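Colleague: Could you take a close look at one part of this model for me, the charged side chains and their surroundings? I would be glad of a connected walk through it.

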Amino acid sequence: MGLILFVIVGYFIYKYLEDKQNGTSIFREQNSAFDILNERYAKGEIDEETYRIKKETLNE
């Protein structure tokens, strides 16, 4: 019984660390909207005015 519990806990720790290394942790998801906005502005897909408006909207 103890071995099964150990294997299950080990699996979840492994999956957590794997996700963290790939940049898909919980904290990464919270900033993804800002990251996408910053990338679009850096690529020139949106102008400065649009960037500022969308940034203010995200901060609300």
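**Surface patch and salt bridges**

Modeller: Happy to, and I will start at the surface of this predicted model. Leu5, Val9, Ile13, Tyr16 and Leu17 form a nonpolar patch there, and together they have about 500 Å² of accessible area. One of these residues, leucine 17, sits in helix H1, which covers residues 2-21. Leucine 17 is partly exposed, at 44% relative accessibility.

Now to the charged side chains. How many salt bridges does a search of the whole structure find? The search finds two.

One of them joins arginine 40 and glutamate 45, whose side chains meet at 3.3 Å, N to O. Arginine 40 counts as partly exposed because its relative accessibility is 33%, a value that falls between the 20% and 50% cut-offs. Helix H3 spans residues 32-43. Its twelve residues reach 16 Å from first C-alpha to last, close to the 16 Å expected at 1.5 Å a residue. Just after H3 comes glycine 44, with a positive phi of about 85°.

The other salt bridge pairs glutamate 48 with arginine 52, and their closest N and O atoms are 2.4 Å apart. Both residues lie in helix H4 (residues 48-59), four residues apart, about one turn of the helix. An α-helix has 3.6 residues a turn, so residues three or four places apart point the same way. As for accessibility, glutamate 48 is partly exposed at 40% relative accessible area, and arginine 52 is also partly exposed, at 49% relative accessibility.

How values were computed. Residues are numbered from 1 along each chain as its sequence is written. This is a predicted model: local features need pLDDT of at least 70, side-chain atom pairs count only at pLDDT 80 or more; totals for chains, interfaces and linings use all residues. Side-chain values use heavy atoms; hydrogens and water are left out. Helices (H or I, at least four residues) and strands (E, at least two) are DSSP runs, numbered from the N terminus. The expected span of a helix is 1.5 Å times one less than its number of residues. A salt bridge is a side-chain nitrogen of Lys or Arg within 4 Å of a carboxyl oxygen of Asp or Glu. Buried means under 20% relative accessible area, exposed over 50%, partly exposed in between (1.4 Å probe, protein chains only). Patches are made of residues with over 30% relative accessible area and no salt bridge: like charges are joined within 9 Å, nonpolar side chains (Val, Leu, Ile, Met, Phe, Trp, Tyr) within 5 Å. Accessible areas come from the Shrake-Rupley method with a 1.4 Å probe; for residues, only the protein chains shown count as cover.
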